[in-house]
Amino acid sequence: MRVSFDLDGEERTVETAPDRSLRELLREDCDALSVKAGCDGGRCGACTVLLDGEAVKACLVMAAKVDGRSVTTVEGVADGTLGREVQDAFEDHSALQCGYCTPGFVLSALASLDDHPDADRETLRSALSGNVCRCTGYEKILDAVEAVAERRGEAE
């Protein structure tokens, strides 16, 4: 089957089997290598992408479901956007170590901050609970995302 979708601002049309996951489609056919392969069961969040602005785990979404929709990976986060601000905060707060989980965390944080611009730490903890980090821990990640939320709250 053929699916057409927007990937990071670029229109893509790909032939795919209907039983493939979005993660497989993005990594294997679109070279979107920031979409990591983790647990293949939606438990780790390493494959998180934004589907029409909502954070989803690409290993749980069938490729056929993206036809006519918009997919954003961390590679599609542009300078001057909230997503870039979140990425910069991760760097400023040393909220990454090996970086394998970072794209998923950044996109989950972005979706959460987009919905709740001045979210408190517990709200952010809940929003990021579907993402797993095995080396940095969670406090620095929460510090980074909380700093962005606080700046956005002060700006309003």
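Helices (H or I, at least four residues) and strands (E, at least two) are taken as DSSP runs and numbered from the N terminus. The model is predicted, so that local features need pLDDT of at least 70 and side-chain atom pairs count only at pLDDT 80 or more, while totals for chains, interfaces and linings use all residues. Residues are numbered from 1 along each chain as its sequence is written, and side-chain values use heavy atoms, with hydrogens and water left out.

Figure 1. Ser94 is found in the loop between H2 and H3. Buried denotes under 20% relative accessible area, exposed over 50%, and partly exposed the range in between (1.4 Å probe, protein chains only). With 42% relative accessibility, Ser94 counts as partly exposed. Asp31 belongs to the loop between helix H1 (22–29) and E3.

**Figure 2. The chain as a whole, with five helices and five strands****.** From the N terminus on, the elements follow the order β-β-α-β-β-β-α-α-α-α. The radius of gyration, taken over C-alpha atoms, is compared with a globule rule of 2.2 Å times the number of residues to the power 0.38. The chain has a radius of gyration of 15 Å, close to the 15 Å given by this rule for 156 residues, so it is as compact as a globular protein of that length. Along the principal axes, the C-alpha atoms fill a box of roughly 45 × 30 × 20 Å. Of the 156 residues, 44% count as buried. Accessible areas come from the Shrake-Rupley method with a 1.4 Å probe; for residues, only the protein chains shown count as cover. The accessible surface of the chain comes to about 7700 Å², and 44% of this area belongs to carbon and sulfur atoms. Contact means heavy atoms within 4.5 Å. Among contacts between residues at least 6 apart in sequence, 55% join residues at least 24 apart.

**Figure 3. Helix H3 (residues 102–115) and the elements around its buried residues****.** The expected span of a helix is 1.5 Å times one less than its number of residues. For the 14 residues of H3 this gives 20 Å, in agreement with the 20 Å between its end C-alpha atoms. Because 12 of the 14 residues of H3 are buried, the helix is largely enclosed by the rest of the structure. The buried residues of H3 pack against strand E3 (48–51), strand E4 (54–57), strand E5 (70–72), helix H2 (82–92), H4 and H5. One of the buried residues of H3 is Thr102, which has 11% relative accessibility. Leaving aside neighbours within four places in sequence, Thr102 is in contact with Phe90 and Leu96.

**Figure 4. The tilted aromatic pair of Phe105 and Tyr138****.** Rings of Phe, Tyr and Trp (its six-membered ring) pair if their centres lie within 6.5 Å; planes under 30 degrees apart count as stacked, over 60 as edge-to-face and the rest as tilted. By this rule the count comes to one aromatic pair. The ring centres of Phe105 and Tyr138 are 6.2 Å apart and the planes stand at 55 degrees, so the pair is tilted. Phe105 lies in H3 and Tyr138 in the loop between helix H4 (121–127) and helix H5 (139–155), so the pair ties together parts 33 residues apart in sequence. Phe105 counts as buried at 1% relative accessibility, whereas Tyr138 is partly exposed at 35%.

**Figure 5. The largest nonpolar core, with 26 residues****.** A nonpolar core is a set of buried Ala, Val, Leu, Ile, Met, Phe, Trp, Tyr and Cys residues joined through side-chain atoms within 4.5 Å. Val86, Phe90 and Leu113 touch the most other members of the largest core. The elements giving two or more residues to this core are H2, H3 and H5, and H3 gives the most, with seven residues. A second, separate core of 20 residues includes Leu22, Leu26, Cys30 and Val61.

Figure 6. Val86 lies in helix H2 and counts as buried at 1% relative accessibility.
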